[in-house]
Amino acid sequence: MEGKILDRPAYAMWGPHFNLEDRNVKDFTDATIRYQEAYDFDFIKVMPNGIYFTEDFGQVIRPAENYLDDTWMNTLQFAIKDPHDWAKIKVPDLKKGALAREIEVVKRLCDHYQGDVPVLPTIFSNIVWMGEMTAGHYHQEVIVSQFKQSEKYAKMGMEVVAETNERLMEAFVDAGADGFFLGYQMGMYEKMGKEMYEECAAKYDLRNLNAIKDKTWFNLAHLCHGDRNDTDQFMDYPVQAFNWADTHKEHRTLREMREITDKVLIGGLDHDLGSSGYLSIGDGSVAPGTTDLSGSDREKVKQVIRRRLEEGMKAAGPKFVLSGGCGWNHDALHRFPLVREVIDEVADEIAKGKNFYE
C-alpha cells in the first residue's frame with residue numbers, strides 16, 4: 001500500500017470453494033483456515049455462499065449436494081416476488097440467522113489470526129443484493145426494471161437493504177475485520193445508466209463505505225463485468241485496492257489502470273481464458289473453464305504464471321497483488337501451489353538484487 005518494494009510479490013486467490021461448508025460456522029471457519037495454511041495468501045477473502053445476505057429476508061436456498069454445486073446458484077424461492085414486497089421487508093436481527101453465522105465466522109477467523117493475515121469479509125453492493133433477492137445473478141434486468149417501473153417501492157427496499165448492509169459491515173468490523181472484499185457489478189451500471197445508478201445505487205455504496213472507511217485499513221473493490229469505461233464510476237470510491245478482469249479485452253489493462261489510479265491493483269492472471277482473455281485462441285476453441293492455470297504440463301503452467309507475474313509487476317509497479325480477475329474454478333485450486341512456487345522463485349531473485357519493476 002505504501003509503494004515499497006517487498007521481499008516477495010504479494011498474492012491471493014479465491015473461489016467459491018466451500019460449497020459443502022459455507023452454511024455451518026465450524027465447517028466454514030475450519031475450511032478457511034486450512035485453505036490459508038495450504039497456500040499462505042497475503043490476505044484472506046472470506047468465501048461465503050454468494051447470497052448469504054438474502055437468507056434472513058426469506059430467500060430459500062437448496063443445500064449443495066457436492067463440492068462443485070455452487071450454493072449461490074441454488075435458490076429455490078426468491079425473497080421478493082413482486083415489487084410491492086420491498087415495502088414489507090425489515091432489517092433482520094443480526095444476532096441470529098444467516099447474518100449472525102457470517103459474523104461469527106469472521107470473528108473466529110480474526111481471533112485465530114490476530115492480525116497476522118488481513119481478513120476481508122465479502123460484501124456486495126446493495127443493488128447486487130437486491131438483484132439476487134428478485135431474480136438471481138443472471139437476471140439483473142429484473143431489479144433494474146423495478147427501479148424504472150416501480151421506483152417508489154424499489155427505493156423503499158434499497159433503504160432497508162443499505163441499512164442492513166451498513167449494520168452488517170459494522171458488525172464485521174467489531175468482529176475484527178481488517179477491511180472488505182466489495183463486489184460491484186459494472187454490468188448493473190450499464191443497465192441502469194449513469195444518472196440512475198448514481199441516484200439509486202452509488203450513493204448507497206458510498207454511504208456504506210463512509211460508515212467503515214476510518215475503521216478499516218484495506219478495502220478491496222472488485223469490479224465485475226461491464227467494460228473499461230464503466231470503471232470510471234468507481235475510481236473515487238474510498239477504497240485501497242481494485243480487482244477486475246484486467247486480462248480481458250473489454251477491460252482496462254493493469255498499465256491502463258495504473259495511469260488513472262495510484263491504489264493497489266490486484267490481478268494479472270486470467271481466471272477465464274474462454275471469456276475474452278488476451279491469450280484465448282479467438283476462434284471459440286478455448287474450452288469452458290480454461291484458465292491460466294489449466295493444462296497438464298506443470299512447467300508450461302509455471303511459465304504462464306511467471307510471464308503474467310513479471311508483466312504485472314512492470315505494469316502496476318510495487319502496489320500490486322498477483323491474483324485472478326474473479327473467482328477460480330475447482331480445477332485451478334490444484335494449481336495454486338505452482339503460483340506460490342513461482343512467487344518463491346521470484347523472491348529468491350529479488351534477494352539476489354534483481355529489480356522486476358524496471
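Q: A helix here is a DSSP run of H or I with at least four residues, and helices are numbered from the N terminus. In the loop between which helices is the place of Asp292?
A: The model is predicted. One of the two helices covers residues 273-276, and the other covers residues 298-316. Asp292 has its place in the loop between α10 and α11.

Q: Is Asp292 buried or exposed?
A: Buried means under 20% relative accessible area. The value for Asp292 is 3%, so this residue is buried.

Q: Which side chain joins that of Asp292 in a polar contact of 2.6 Å?
A: The side chain of Asp292 also reaches a backbone atom, the nitrogen of Asp270, at 2.8 Å. The side-chain partner, at 2.6 Å, is another residue. That residue is Arg308.

Q: Which strands stand at the edges of the open sheet?
A: The sheet has seven strands in the order β1-β11-β10-β9-β8-β7-β6, with parallel pairing. An edge strand has a single partner, so one side of it is left without a neighbour in the sheet. Read the two ends of the order: the edge strands are β1 and β6.

Q: Which residue in β10 stands opposite Ala241?
A: Strands of a sheet pair through backbone hydrogen bonds. β9 (residues 241-244) pairs with β10 (residues 264-269) in the parallel sense, over three bridges. Opposite Ala241 stands Val264.

Q: At about what angle to β11 does helix α11 run?
A: Helix α4 lies across β6 and β7, at about 80° to β6. Helix α11 lies across β10 and β11. Its angle to β11 is about 140°.

Q: How far apart are the end C-alpha atoms of helix α1?
A: The helix has 15 residues, 25-39. At 1.5 Å a residue, they should span 21 Å. The model agrees, with the end C-alpha atoms apart by 22 Å.

Q: Which residue follows α1, and what is its phi?
A: At the start of α1, a side-chain oxygen of Asn24 reaches to within 3.1 Å of the backbone nitrogen of Lys26. After α1 comes Asp40. Its phi is positive, near 55°.

Terms used
Residues numbered from 1 in each chain as written. Predicted model: local features only at pLDDT ≥ 70, side-chain atom pairs only at ≥ 80, totals over all residues. Heavy atoms only, no water. Pairing = 2+ DSSP bridges. Contact = heavy atoms within 4.5 Å. Axes fitted to C-alpha atoms, helices over the stretch in contact; angles between N-to-C directions. Expected span 1.5 Å × (residues − 1). Polar contact = N/O pair within 3.5 Å; in protein donor to acceptor, adjacent residues only side chain to side chain. Buried < 20%, exposed > 50% of the residue type's maximum accessible area, 1.4 Å probe, protein only.
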